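I opened this model to take notes on a few points of packing. The entries below follow the order in which I looked things up.

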Amino acid sequence: MSAATSHAAATSHGAVEPAESPLTPESWGKLGMWIFLAGDAVGFGTLLAAYGGMRATSADWPNPYEVLGINLTAAMTFLLICSSVTMVKALEWLGRGDRAKAKMFLLFTALGGAIFVGCQAFEWTHLIHRGLHINGNPWGASLFGTTFFLITGFHGLHVTGGVIYLLAMIGVVSRRPAPAASYNMVEITGLYWHFVDLVWIMVFTFMYLL
Amino acid sequence: MAAESHKHPNYMAIFWILAILTVVEIAVVFLPFGKIVNGTMLCVLAVTKAALVAAYFMHLKFETRTLALIAITPLTIATLLVFVILPDAFFVDHKTANVKPAPAGAKH
């Protein structure tokens with residue numbers, strides 16, 4: 001809908017609010033997703049800030065780099081960056097009107113997320129067997145395990161939700177009559193997916209490397 | 001149409017920069033400059049990578065400035081929170097350590 005017609009429609013119904021989103025003229029949904037992500041970012045930011053505070057006040061915080069290891073997580077980081085690229089490729093193909101390619105790249109993105117969660121399950125199992133628990137561990141401060149499982153778990157849930165979201169979007173792209181009809185929805189999905197990647201970049205740095 | 005309204009950035013270039021910065025991050029861990037210098041470098045690298053993802057993959061660079069302000073607010077809040085919590089790390093008498101459970105017989 002063009003700006004002129006939507007404005008006319010709004011005034012003819014006596015609406016006070018503008019029919020178009022002022023910050024994201026393409027859609028209100030995009031603004032909605034950005035506001036949700038800003039709220040979600042406050043959640044992650046608070047968790048990471050609390051992590052930093054508890055770590056700084058602890059006398060026996062284990063060296064995360066030595067306890068957790070970073071080989072697998074470095075590969076997982078790379079995997080998420082790759083899945084961000086397949087996400088933008090999916091949107092690019094949809095913009096060019098190629099639904100089949102767009103769906104294929106959406107599937108690749110979902111697959112990347114699923115492998116990520118699988119790797120995380122493997123990592124958790126391995127660490128739990130070595131004695132890292134949510135309420136204690138053999139290396140030092142018990143909060144080390146608490147924060148580790150809480151923050152990586154919270155992020156893992158976001159990835160799991162993202163995989164379901166992406167699979168649902170493949171259905172939406174299939175059902176909509178024209179590729180352009182689902183462009184905006186896939187773009188919004190992309191915002192969420194890239195945000196999950198962005199958060200992992202932070203989590204990887206603050207919880208594994210520092 | 002939305003697809004043509006803004007130019008697509010070179011996504012592959014961003015991908016390679018992110019991949020290289022990740023390798024640099026892992027290399028920084030092994031540098032012998034001490035916790036503070038290494039930590040600062042890691043924070044700068046992480047924020048750079050996050051900013052690249054937000055600006056190009058999430059198209060924030062091509063959105064209105066007000067939307068960018070909304071996106072930056074959480075980072076500001078989290079950074080402020082760190083400074084609110086940090087005094088505890090330096091001005092408390094003793095840092096907390098794991099308290100070993102008392103032996104069963106010591107209960108009174």
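Entry 1, one residue. I started with Val196(A), which I found in helix 7 of chain A. The model is predicted, so I read everything here as computed from it. Is Val196(A) buried or exposed? I counted 24 C-beta neighbours inside 10 Å, so Val196(A) is buried; the cut-off for that is 20 or more. I then listed its contacts, leaving aside neighbours within four places in sequence. They are His158(A), Val159(A) and Gly162(A). Pro22(A) lies 174 residues from Val196(A) along the chain, and their C-alpha atoms are 26 Å apart.

I stayed with helix 7 of chain A, residues 183-209, and looked at how it packs on helix 4 of chain A, residues 71-95. The angle is about 165 degrees and the axes are 10 Å apart. The two helices are therefore roughly antiparallel, as angles over 145 degrees count as such. I noted a left-handed crossing for this pair. Which residues make the contact? On helix 4 of chain A I found, among them, Thr73(A), Leu80(A), Met87(A), Ala90(A) and Leu94(A). On helix 7 of chain A the list includes Tyr183(A), Gly190(A), Trp193(A), Trp200(A) and Phe204(A). By class, I got 13 nonpolar, 6 polar and 2 charged residues in this contact.

Next I took helix 4 of chain A with helix 2 of chain B. They pack at about 170 degrees, with axes 10 Å apart. That makes this pair roughly antiparallel. From helix 4 of chain A, the contact uses Ala74(A), Thr77(A), Phe78(A), Ile81(A), Val85(A) and Val88(A). From helix 2 of chain B, it uses Tyr11(B), Phe15(B), Leu18(B), Ala19(B), Thr22(B) and Ile26(B). I counted 10 nonpolar and 2 polar residues there, with no charged ones.

I looked up the make-up of chain B: 5 helices and 0 strands. Buried residues are 18% of its 108 residues. How many residues of chain B are in contact with chain A? I found 43, and they meet 46 residues of chain A. Helices 1 (2-5), 2 (11-29), 3 (34-57), 4 (65-85) and 5 (87-91) of chain B each give two or more residues to that side. Helix 4 of chain B has the largest share, 12 residues. The chain B side divides into 30 nonpolar, 8 polar and 5 charged residues.

Conventions. Residues are numbered from 1 along each chain as its sequence is written. Chains are lettered from A and ligands numbered from 1 in the order in which they are written. This is a predicted model: local features need pLDDT of at least 70, side-chain atom pairs count only at pLDDT 80 or more; totals for chains, interfaces and linings use all residues. Axes are lines fitted to C-alpha atoms, for helices over the stretch in contact, and angles run from 0 to 180 degrees between N-to-C directions. Helices (H or I, at least four residues) and strands (E, at least two) are DSSP runs, numbered from the N terminus. Angles under 35 degrees count as roughly parallel, over 145 as roughly antiparallel, 65 to 115 as roughly perpendicular and the rest as oblique. A crossing is left-handed if the near helix is turned anticlockwise from the far one by less than a right angle, and right-handed if clockwise. Two residues are in contact if their C-beta atoms, placed from the backbone, lie within 7 Å. Ala, Val, Leu, Ile, Met, Phe, Trp, Tyr, Cys and Pro count as nonpolar, Asp, Glu, Lys and Arg as charged, and the others, Gly among them, as polar. A residue is buried if 20 or more other C-beta atoms lie within 10 Å of its own, exposed if 12 or fewer, and partly exposed in between; C-beta atoms are placed from the backbone.
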